[in-house]
Amino acid sequence: IGDIMEETGALIRKRRATISTGKCVPLKQVNGRSEVDESVNGRSDSGNIVTKRNVSDLPSTTSKERKKRINVPSDRQSCHRLQESLLSSASGYRNYRGVLNWCVVMLVLSNARLFLENLLKYGILVDPIQVVSLFIKDPYNMPAACLVIVSNVFIVAALYTERRLSVGCISERVGLLVHSINLSVTLCFPVTIVLMVKSITPVGGASALGVYTVLFLKLYSYKDVNKWCREMSHAKARSLARSLSCKSSVSTDYQVSYPGNVTLRDLYYFVFAPTLCYELNFPRSPRIRMSFLLRRLFEMLFFTQLLVGLTQQWMIPIIQSSMKPLEDMDLPMMMERLLRLAVPNHLLWLIFFYWFFHSSLNFIAELLQFGDREFYRDWWNSETITYFWQNWNIPVHKWCLRHFYKPLLKSGVSKWLGQSAVFLASAFFHEVRFLGLQLPLAWFVARFLRGNYGNAAVWLSLIIGQPIAVLMYVHDYYVLHYREGSAGGGPE
C-alpha cells in the first residue's frame, strides 16, 4: 500500500507540471526534492531561456477558492463593460456619416416640397428665351459688351505709361500720377455710366461694375510689379522672373525679364488670365486637356441654365410678394419672406460659386494653359468669418495680401491693424452692405465660438445674411422705381 501511495503522489505531481501543449515536463530530483524541468536544452518552447522552479512554488487552490470560481461568470457570460454613450463627447466617437446623409435627405425633401408648392401655385415660369430676347430687343441693356470695348482704352493707357517709364522718358512721379488718373477713371467710369443710362437693368449694372473692378485690380497689380522690376533693375538685378509671388512648378525654357514683358501680348494675356496678381512668368501647364476643357464647358452651360431657371421659377415670385410687406414695413411678414428667400438664395449662391470658381475659371485657365488653379480653399470648414473671407476667393485674397497688407507692414502699420484693413478691403469688394453685418459677427464668432459652433455660425451668416442684403436692394429698387412708376401708371 505504501508503494502504491508513493507512486500515486508522484503521478499527481507530474500532472501538475503538465504545460498547455499537453506534454509532460520531466521531474528531476535535486537534494531530495522534485523540481519541474521547464527547459529543453536550456530554452523554452518559445526560445527564451527559463529557470527551474520547485513544484511547491506553483500556485495551489483550496476547495473554498474552487467553489468561488464556480460562482464567478466567465468572459463569455459577461455582457457589460465600462464605456460611454456614443453621443457623449467622452466616448471619442466621430463617425457621423449617417447623420450627415440624413441631413442631406431631409434638405432634399424639404426643398422638393417647397419647389412643388411653387409649381402648384405659380405654374411653370422658366423661359430660357426671355433673357436672350431681352438683350436682342434692347442691346443697350447689355453694358458688359459695350463697356468691354471701352475698357481697352484704359488697358492701352497703362501699357503706354509703362513703356515710357521703362525707357526713362518720364519720371516715376509723373508715371505715378498718370497711373493714378487712369485707375481712378477705370473705377469711376462704369458707375457714372450706370447712373446716367437709366435703361440699364440692375443685373447689367452690377455686371459692368464687376468687370471694371476686376480690371482696376489687374492694372494696379501691373503697375506695382513693373515698379518693383525697375527698382531691382536699378539695384543691378537685370533679370527678374515672375516669382515675386510664387515660383513656377513647370520648367520653362523661356523666361521673360524686364522690360521685355512690357508688350501688348503680355498685358492682354494677364487681362484674360484667371488671376489678379501680375507676374512676368506665370506657371504654365504643359498642354490643353480637351476632355477637361469640354467637361468644364458643359458645366458652365448647364449651370447657367439652372441659375436662370431657378431664379425665374423660385426667386422672382418670392421677391415680388415681398414688395407689399416692404411698403407697409410689416416686420412679421418681412421675416417670413426672409426665411422663404433664404433657401433658394443660398442654393443659387452655392451653384454660382461652383459655376464661377470651379467651372469658369478652370475653363479659362485650361484654355490659356495657366498653371495655378488654386481659386478657392476649404472655406466650408471655416470656424471664423475671417477664415471664410480669406479662403473662399483666393485671387482677391492674394491681391489684398500682396498689394495691400505687405505694403502696410512695410510702412510701419501693426499686424493686427493690417489684417483688419485687408478684411475690410476684401469685404468691400464683395459686398458693401454686407460689410456692416459681417464686422460685429466676425468679432463675436472669433471671440466666443469655436469648432463646430463657429462653423455653424459661419453657415448661418451665409444662409440668412445674403437674403437680408437682397431684400435691402429690393427695397431700394422698389422705392426708386415702383413708387415713382405708380404715380405715372405702375412699375416697369
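In this predicted model, helix H3 has 26 residues, and the distance from its first C-alpha to its last is 37 Å, close to the 38 Å expected at 1.5 Å a residue. Just after H3 comes Gly123, whose phi is positive, at about 80°.

Helix H9 can be checked in the same manner: its 32 residues should span 46 Å at 1.5 Å a residue, and because its end C-alpha atoms are 46 Å apart, the expectation and the model agree.

For H3, which covers residues 97–122, and H9, which covers residues 290–321, the angle is about 85° and the axes are 11 Å apart. An angle between 65 and 115 degrees counts as roughly perpendicular, and therefore H3 is roughly perpendicular to H9. On the side of H3, the contact is made by Asn111, Leu114, Phe115, Asn118, Leu119 and Tyr122, while H9 contributes Leu310, Gln313, Trp314 and Pro317. Sorted by class, the contact of H3 with H9 has 7 nonpolar and 3 polar residues, and no charged ones.

Aromatic rings give another view of how parts of the chain come together. A search of the whole structure finds 35 aromatic pairs, and one of them is formed by Phe189 and Tyr212, a tilted pair with 6.0 Å from centre to centre and 45° between the planes. Since Phe189 lies in helix H6 (residues 172–196) and Tyr212 in helix H7 (residues 202–234), the pair ties together parts that are 23 residues apart in sequence.

Finally, consider the backbone in two loops. Most residues other than glycine have a negative phi, and most peptide bonds are trans. The peptide bond from Tyr258 to Pro259, however, is cis, with omega near 5°, and Pro259 is placed in the loop between H7 and helix H8 (264–272). Gln369 has a positive phi, near 55°, although this residue is not a glycine, and Gln369 is found in the loop between helix H11 (331–368) and helix H12 (385–391).

Notes
Residues numbered from 1 in each chain as written. Predicted model: local features only at pLDDT ≥ 70, side-chain atom pairs only at ≥ 80, totals over all residues. Heavy atoms only, no water. Axes fitted to C-alpha atoms, helices over the stretch in contact; angles between N-to-C directions. Helix = DSSP H or I, 4+ residues; strand = E, 2+ residues; numbered from the N terminus. Parallel < 35°, antiparallel > 145°, perpendicular 65-115°, else oblique. Contact = heavy atoms within 4.5 Å. Nonpolar A, V, L, I, M, F, W, Y, C, P; charged D, E, K, R; others polar. Expected span 1.5 Å × (residues − 1). Phe/Tyr/Trp six-rings, centres within 6.5 Å; stacked < 30°, edge-to-face > 60°.
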